[in-house]
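Okay, thanks for coming, everyone. Let me put the chain up and then walk through its disulfides.

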Amino acid sequence: MNSPMFSFQWLPFVFLIFLSSVSATLINIPRLSPIGGKFLHDLETVSASISDDLQTFYYDQTLDHFNYRPESYTTFQQRYVINAKYWGGATSNAPILAYFGAEAPLDGDLSAIGFLADNAQQFQALILYIEHRYYGKSIPFRSREEALRNASTLGYFNSAQAIADYAEIITHVKETLHANDSPVIVIGGSYGGMLASWFRLKYPHVALGALASSAPILYFDDITPQNGYFSVVSKDFKEASETCYQTIQKSWSEIDKAASQLSGLSNLGKEFKTCRPLSQSSELKNYLESVYYTAAQYNHPPDYPVTIVCGGIDGAPSDASILEKIFAGLVAYRGIRSCYVNEPRNISETTVGWRWQTCSDLVIPIGRGNDTMFEPDPFILSSYIEQCKSIYGVPPRPHWVTSYYGGHDIKLILHRFGSNIIFSNGLRDPYSTGGVLDNISDTIVAVSTVNGSHCLDILFAKESDPEWLVMQRKVEVRIIEQWITQYYADLLAYKK
């Protein structure tokens, strides 16, 4: 079978200049990626043993599912990938495990997301991976440059259109395979996990159930305290090492103090081996912040990046300065390199896509108060709206997610309305503060682990996985088995 090759497509040069000129002013909302941080997880091509079983298809997808204007009927090619190696077939109504791609090309997920492949044989399931519109090879308007041109073409780039896409493709695949009675379980991680849970609520006739891994569906409209994300990052570091935590906490004022001296920025650049001269101290501080929250969000075993960072900081010579200790932590995390900070890099489609998504329907109000290891930086909605307007010419809709999908009083509302959703979380994941951490009903359940990190449960299983992670996955599989068993009983009774 044909398999998709790994590709990373870059954005038009003019758009990159535009993005670079405004990105420094916009509040940074950490990526909702299931497959890891930009430092630790270098994506590889799909392994031969997996890729041999994959077949790539393209669906003629509708641009706009919700309007009947002539341009709404425009179509684009949306990529999906099938693995039928273990499928029991349509005649036995064998299930379909459908993975929802998120804010990146699908290729990386194929090489990293293992829950479907690891369990397909047990379920005798067909595996279906679907790429999110505007990412990878699923580009409307014939070219990436045209698709990202302005708010008019970007206006079709939102979560509601995305899950409508998924509904169409799942229905198409079932019809093509004559598998109309095959139950579908949708699976996603991070933003994709949010899509999976919302899909089950919006399209219960298409999906029997959903596994939503590390899906912070409550991090909207101030349901979750704005400080939640960075409070967990700080807690992770403090639990790893109190002295490391205190060193980081003290470092911000030390950076500003050093920068204020004669030739201060130049000296800071030399001390941290920056790839380009620093223009202001915030460049260095923003970079270090991203190191710390990425390490915490993807604090996966067996390496545990937070421990690596703190090992470097605490392991510095006893007479080292605070900034020397911080640099030692950076080297421990990233390894020995010719330079750090301000590295030359192309800005990916994900960088630009996530910027638009968080400036349209996915307004996640993440801020910092006085009780973290970071400098205070509250989220001010009015400022955020103005910043987004200055970039795109249109304001974000900060209340749309809770209006369209819900979220407020979720235990009361979904207790009788929803069913068959697993919300899985690792409590060391900063985004878990916006996740569903308690059972809502007998069939909307929370599965969490104290030591888990972002989307760890849906990554490929490894022999080195700790027992608590193995057990978390077993619990999830057992719940899905129960859903499917009940479905088959219902189907048999219905057909009598």
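Cys275 is in the loop between α11 (264-271) and α12 (281-297), and Cys339 is in the loop between α14 (322-334) and α15, 64 residues apart. Helices here are DSSP runs of H or I, at least four residues, numbered from the N terminus.

Quick caveats: this is a predicted model, where local features need pLDDT of at least 70, side-chain atom pairs count only at pLDDT 80 or more, and totals for chains, interfaces and linings use all residues. Residues are numbered from 1 along each chain as its sequence is written, and side-chain values use heavy atoms, with hydrogens and water left out.

How many disulfides does a search of the whole structure find? Three, taking a disulfide as a pair of cysteine sulfur atoms within 2.5 Å.

Next one: Cys244 and Cys310, sulfurs 2.2 Å apart. The S-S torsion is about -70 degrees, so this disulfide is left-handed. Cys244 counts as buried at 0% relative accessibility; buried means under 20% relative accessible area, exposed over 50%, partly exposed in between, with a 1.4 Å probe and protein chains only.

Then Cys359 and Cys388, with sulfurs 2.0 Å apart; that link is left-handed too, at -80 degrees. Both Cys359 and Cys388 are buried.

Number the bonded cysteines in sequence order and the pairing reads 1-3, 2-4, 5-6.

Last stop, helix α15, residues 349-358: nine of its ten residues are buried, so the rest of the structure largely encloses it. Trp354 and Trp356 are among those buried.

Methods
Helix = DSSP H or I, 4+ residues; strand = E, 2+ residues; numbered from the N terminus.
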